[in-house]
Amino acid sequence: MPNHNKYPRNSGFSLIEMLVVAPIVILMIGIFVSAIVAMTGDVLSTRSANSLSYNIQDALDRIGADIKLSGGLLATNNIILSSPQGFNNDTTNFKNVDATNGTMLILNSYTTTSNPLNSTQNILYMSNQPNPCGSAQINQNPPVMFNTVYFVKNNTLWRRVIAPSNYATVGCLGASVGMPWQQPSCATVVAGTICKTLDQRLVDNVATNGFIVSYYTNNNSTVPNATASDNTKSNSVRQSALQTSSTVSVTINATATAAGRTATQTGTIREISPNNNINSTADTMWSSFNMQNSWVDHGGEYFQNGYRRTKDGVVVLHGLLRRSSGSIVSGEIIGTLPVGYRPSEQLIFQTSTNPNAASRVDVCTDGTVRVLSGDPGWLSLDGIKFLSSDAPVVFTNLTPQNNWVPYGSPFSAPAYAIDADGRVHVKGLVKNGVVTDGTPIVTLPVGYQPLEYNHIAVDNTGASGFIGVDTNKNIVAKGGANGYLSLQSIFYTSSYTDWHGMTLQNGWVYYGSSLTTPAYTKATDGLVSLKGLIKTGTVGTTITTLPAGYRPAQRILYHSVSSGVYYRLDINSNGDVICVSGNNGWMSLDGVVFYADN
């Protein structure tokens, strides 16, 4: 029989077999690779979604904790910004709702000695306001506050801490013990600035409209407070709405792409805020000092003597007083303000006295409030306001011109500062200069000038006087004497827009030209400011009526300038602003600033 294995067959595939098998193998490899890619994509997409979800929840937990521990909900930061702590890494204020920059959550928060989540932490209180550190009544002092801001920038949700410039020393913790637990943060830590740490990066891939904050009257409310989140409303209007809200809802939407796939995650929390300390370091009530030298409260519809300090460090006095017996001795003490309510130099104020005339009252560095001229029948403290020596601002000296020079010790040299609410404060006593109307006394830097020409009443050599503040940055003389001239004044810069027009009554009309238009505003620290040059109304009648929320609790007796001389301006608890005496050729409302209790 033939041997069939003698010539064995070659191993492998024939060409025809290869042509049949190769496509199958390639197809199988393709299927396998596709499966691997799909599985890898699924893993990457799932991992991205999980990471996004975790970051959102972690951010919401942090936000929720801050809301529950906060002292208030804010329409804008109520601490003055030091560059680069502003939104644009400068001094641009944050707003809880902004047409360009989106929604932000701004909280007024308590400074603590350690992590606020620790049971051992304590709230930090202001030193010597009025109680000294170590006092058993230290918790009666205002707490030290900072602002916590959540905002979206460059598609990332950030958390920033804003602290006052003196945050390290203003509280009773003190530099000798250590620093407050909270540290001011910035986008980058810049040497020589307030920045001590970096902002906290919370969630990436969040669009400007991906951070949503809504406010509710209480935890049972289902309809958000629309006014609180209306970007067409002013800061003060939104702040008033926020003060009626106790509950906050926060939603974060984030979208990320991984392995060509889009992962979208959303999270929401709803928390209750105590919302109990809007005014930051402000007192919660008026305090009275013990009066001396037979001075007593006048009584009736007018305030008794009182003082308070706002969160911006502005000390405000009010009250109508009289001497129960005897005559005024120039320089005698009316009363004494406590530490924390005193100026850094002696300041001179024009006030009102019987019979509707200008008087002079000085506030000294030892806290004494002294009368230099006036009438024992009655004397008003309304209109006295100044930045305390430890206010969170920095004064910059101004150079006098046209033969004006600083009066010298114990009075302040000409200087200016701006507070957290955008008001310019000018102080100083000058002498010997040219008094011709319009002659510059000092020149402010660019950006500190008002929108319109202001006429502000001040003391001039112990008599009624006034200064002008023009749109060219100059504080100018307005005639009178040059024995001395007080520059004590407060006004807003041209960039401030939160004014509300007045409805004038009884024949009063706007003076016209480039002079101040009649309007009013209210800052976040409770101080109402008026402006406007008016004319032709009936003296003794109401000029305008301020709405609720912009009124004093009792009648205040103010002063200003009309046709170059003193005039008396009263503001009632019903909001009526009354021209009691003066000349209706023109009357100024510029520089009228008071605390709104009503």
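Analyst: Let's start with cysteine 186, which is buried, with a relative accessible area of 0%. Buried means under 20% relative accessible area, exposed over 50%, and partly exposed in between (1.4 Å probe, protein chains only). This is a predicted model: local features need pLDDT of at least 70, side-chain atom pairs count only at pLDDT 80 or more, and totals for chains, interfaces and linings use all residues. Residues are numbered from 1 along each chain as its sequence is written, and side-chain values use heavy atoms, with hydrogens and water left out.

User: OK, what does cysteine 186 form a disulfide with?

Analyst: Cysteine 195, with the sulfur atoms 2.0 Å apart; a disulfide here is a pair of cysteine sulfur atoms within 2.5 Å. Cysteine 195 counts as buried at 4% relative accessibility. The link of cysteine 186 and cysteine 195 is left-handed, with -85° about the S-S bond.

User: How many disulfides does the structure hold?

Analyst: Two. The other one joins cysteine 133 to cysteine 172, S to S 2.2 Å. Those two cysteines are 39 residues apart, so the pair links distant parts of the chain.

User: Are cysteine 133 and cysteine 172 buried or partly exposed?

Analyst: Cysteine 133 is partly exposed at 39% relative accessibility, and cysteine 172 is partly exposed too, at 23%.

User: Switching topic: which residues touch the most other members of the largest nonpolar core?

Analyst: Leu530, Leu546, Leu569, Ile571 and Phe594, out of 32 residues in that core. A nonpolar core is a set of buried Ala, Val, Leu, Ile, Met, Phe, Trp, Tyr and Cys residues joined through side-chain atoms within 4.5 Å. Elements giving two or more residues to this core include strand E37 (527-531) and strand E41 (565-571). Strands (E, at least two residues) and helices (H or I, at least four) are DSSP runs, numbered from the N terminus.

User: What is isoleucine 571 in contact with?

Analyst: Leaving aside neighbours within four places in sequence, its contacts include Leu530, Leu546, Pro552 and Phe594. Contact means heavy atoms within 4.5 Å. There's also a second, separate core of 28 residues, with Val203 among them.

User: Last one: where is glycine 210?

Analyst: Glycine 210 is in the loop between strand E9 (200-204) and strand E10 (211-216). Glycine 210 is buried, at 4% relative accessible area. Not counting residues up to four places away in sequence, glycine 210 touches Thr251, Ile252 and Asn253.
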